[in-house]
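Subject: A structure for you to look at

Hi there,

Here is the structure I promised to pass on to you. Have a look at it first, and then read on for what turned up in it.

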Amino acid sequence: MKKPALILLAIAAPLLNACSSGPNEAAEYRHSIFHVIAWHFGTLGAMAKGEQPFDQAVFERKAGILENLARLPWEGFQEGTADGSDAKPEIWENKADFDAKADDLMRETAELSRLSREGDQQAMLAQVGQVGQACKACHQEYRK
């Protein structure tokens, strides 16, 4: 199965649920994407921590999925969609900084995917930490 089809399958159910939801569909959309990101990143984090055996094929597949997923949630951050979500209103007050943090996540996941194709296990596992830091930087500022 090709990566785009796999990604579509991975996010179809949560997204369909979000589409049929109430007034804050944008928040549910982005929440669904972040949930799927966490699912795939969890495996890589477990490998990096030594909690799960390293598997090059799994690592490369999940890194590629993360690279694609990291591009998706940002359009869900529409003005007026903070209510009832984990998003702080500061996102829209500091939009340039928020966008820079989104760019950081996309850049770090792209680097993770690139490194996974090269196969340098030490560099790949170190890059997992960089992706985690990109997530944390945004969460500290903009997530309740």
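Let's start inside: which residues line the largest cavity? Before you read further, keep in mind that this is a predicted model. The lining is made up of Ile37, Phe41, Leu66, Ala70, Leu105, Thr109 and Val131. By class, six of these residues are nonpolar, one is polar and none is charged. Two helices, H2 (25–48) and H5 (95–118), each give at least two residues to this lining. The volume of the largest cavity is about 30 Å³, and the search came to one cavity of 30 Å³ or more.

Now for the overall picture. Of its 144 residues, 40% count as buried. The chain exposes about 8,100 Å², and carbon and sulfur atoms supply 54% of that area. If you take the contacts in the chain with a separation of 6 or more, 68% of them are between residues 24 or more positions apart.

Next, the open spaces. How many residues line the largest pocket? There are 29 of them, and Arg30, Phe34, His35, His139 and Arg143 lie nearest the centre of the pocket. The volume here is about 690 Å³. H2, H5 and helix H6 (121–142) each supply at least two residues of the pocket lining, with H2 giving the most, nine residues. The lining of this pocket divides into 16 nonpolar, seven polar and six charged residues.

Then there are the cysteines. A disulfide is a covalent bond between the sulfur atoms of two cysteines. How many disulfides does a search of the whole structure find? The count is zero. Cys135 is in no disulfide, and the nearest cysteine sulfur to that of Cys135 belongs to Cys138, 8.5 Å away.

Which residues does Cys138 contact once its neighbours within four places in sequence are left aside? They are Phe98, Lys101 and Arg143. Lys101 is 37 residues away from Cys138 along the chain, yet their C-alpha atoms are separated by 6.0 Å. Arg143 also came up above, among the residues that lie nearest the centre of the largest pocket.

Finally, please find Lys49. Where is this residue located? Lys49 is in the loop between H2 and helix H3 (56–69). Lys49 counts as exposed, because its relative accessibility is 63%. How far apart in space are Lys49 and Leu125? From C-alpha to C-alpha the distance is 8.6 Å, although 76 residues of sequence lie between the two positions as a separation.

Happy exploring, and write back with any questions!

Best wishes

Conventions:
Residues numbered from 1 in each chain as written. Predicted model: local features only at pLDDT ≥ 70, side-chain atom pairs only at ≥ 80, totals over all residues. Heavy atoms only, no water. Disulfide = S-S within 2.5 Å. Buried < 20%, exposed > 50% of the residue type's maximum accessible area, 1.4 Å probe, protein only. Contact = heavy atoms within 4.5 Å. Areas by Shrake-Rupley, 256 points an atom, 1.4 Å probe, with all protein chains shown as cover. 1 Å grid on protein atoms, 1.4 Å probe; cavity = no way out; pocket = protein on both sides within 12 Å on 5 of 7 lines; lining within 4 Å. Points joined across faces, edges and corners; volume = space filled by probe spheres on them. Helix = DSSP H or I, 4+ residues; strand = E, 2+ residues; numbered from the N terminus. Nonpolar A, V, L, I, M, F, W, Y, C, P; charged D, E, K, R; others polar.
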